[in-house]
Amino acid sequence: MNDTAPLLEVRDLAKHFPVRGGLWARPREWVQALDGISLDLYPGETLALVGESGCGKTTAARCILRLIPPTAGQVRFQGRALAALSRGELRALRRRMQIVFQDPYGSLNPRMTVGHILAEPIRAHGLARGAELDARVAALLERVGLAPEYRSRYPHEFSGGQRQRIGIARALALDPAMVVCDEAVSALDVSIQAQIINLLKDLQSDLGLAYLFIAHDLNVVDYIAHRVAVMYLGKIVELGPVERIFGAPRHPYTRALLAANPVPDPDAPHRPVPLAGEPPSPLHPPAGCRFHTRCPEAMERCRTEAPACTEEGEGREAHRVWCHLYGPPRSPAG
């Protein structure tokens, strides 16, 4: 991680999904799945997105990759604004941005052999043909720990861990600079998770990959990530280096997440942070701080005023938190 310029820059990214009364009806309401997040991803680092289900992690990843169009905001990859690119330019740039999906079976075409699955993106981008293509497919399989002879098999002939290795090999086929791992190990057994995580770390070390790593398991995040962004109801509430987020969390929601994380030590003290109620609906998010309806430290100000960002440090070492507990006090006139 020697480069100082971000590989990926996301600014005020938002995605609102329409709720319609019928197929051709005008939208009645909007689901605010993602509501103005900003983050940077540097070459060779792993940035983890964590938070409860439905907080917008996967929506953020899909908007960043332009798999779905964002409602607002800007995404820059290698200094280029994706929204300003033509279809041809975006297609060429997508070689450098790949994704590994959560389901290692549903993401692979069951009618294609592994060899065809890995060869398809290489052939589509005109990178190799014939014997050279076969050699690249064999090299990809060996890179992820599978025998080249497996190229003639179909996805159903492999275990879940092997299928995820195939998904990783497909992501590597076009020599990407960034790979989005969308819950890439959550569907696997714990022992297989460890193998896949170590494979990802080895690939990062060898190839200089940057990972946007979406996960629920905070123990996995603590092991693989360099920085962490904590999301709640479509917004980032805390972002910083993993050792600071896990060692000295500042936002009440981050503290609650970490307290709820199981620790494999029967003698470790367990002090869960009580959270009242359920997460609000993204159809009607609360005013002010979105976490105030469940926060044990909520103040009157939290109910009406969205918190500004408080930052300690600079660049990738910055620790940012969006909480009135750390922001500037309200003026008497306010």
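Okay, quick definition before anything else: helices here are DSSP runs of H or I with at least four residues, strands are runs of E with at least two, and both are numbered from the N terminus. Bear in mind that this is a predicted model, where local features need pLDDT of at least 70, side-chain atom pairs count only at pLDDT 80 or more, and totals for chains, interfaces and linings use all residues. Residues are numbered from 1 along each chain as its sequence is written, and side-chain values use heavy atoms, with hydrogens and water left out.

So, the overall picture. The protein has nine helices and 12 strands. Its radius of gyration is 21 Å, close to the 20 Å from the globule rule for 334 residues, so the protein is as compact as a globular protein of that length. That radius is taken over C-alpha atoms, and the rule is 2.2 Å times the number of residues to the power 0.38. Along the principal axes, the C-alpha atoms fill a box of roughly 75 × 55 × 45 Å.

How much of the protein is buried? Of the 334 residues, 45% count as buried, and by that I mean under 20% relative accessible area, with exposed being over 50% and partly exposed in between (1.4 Å probe, protein chains only). As for contacts, meaning heavy atoms within 4.5 Å, take the ones between residues at least 6 apart in sequence: 65% of those join residues at least 24 apart.

Now the inside. A nonpolar core is a set of buried Ala, Val, Leu, Ile, Met, Phe, Trp, Tyr and Cys residues joined through side-chain atoms within 4.5 Å. The largest one has 55 residues, and Leu118, Ile168, Leu200, Phe213 and Val228 touch the most other members. Apart from that core lies another, of 34 residues, with Leu49, Ala60, Ala229 and Met231 among them. Back to Leu118: leaving aside neighbours within four places in sequence, Leu118 contacts Val137, Leu140, Leu141, Ile166, Ala169, Arg170 and Ala173.

Ala60 brings me to helix H1, where Ala60 is one of the buried residues. H1 covers residues 57–64, and six of its eight residues are buried. Besides Ala60, the buried set includes Lys57, Thr59 and Ile64.

Most residues other than glycine have a negative phi. Arg66 sits in the loop between H1 and strand S4 (72–77), and is partly exposed at 26% relative accessible area. Leu233 also has a positive phi, about 50 degrees, without being a glycine. Leu233 is in the loop between strands S9 (227–232) and S10 (235–241), and at 7% relative accessibility it counts as buried.

One more loop residue: His284, between helix H9 (252–260) and strand S11 (309–312). His284 counts as exposed, at 54%. Its C-alpha is 42 Å from that of Leu203, 81 residues away along the chain.

The lining of the largest cavity includes His251, Cys289, His292, Cys295, Cys302, Cys323 and His324.

Technical notes:
1 Å grid on protein atoms, 1.4 Å probe; cavity = no way out; pocket = protein on both sides within 12 Å on 5 of 7 lines; lining within 4 Å.
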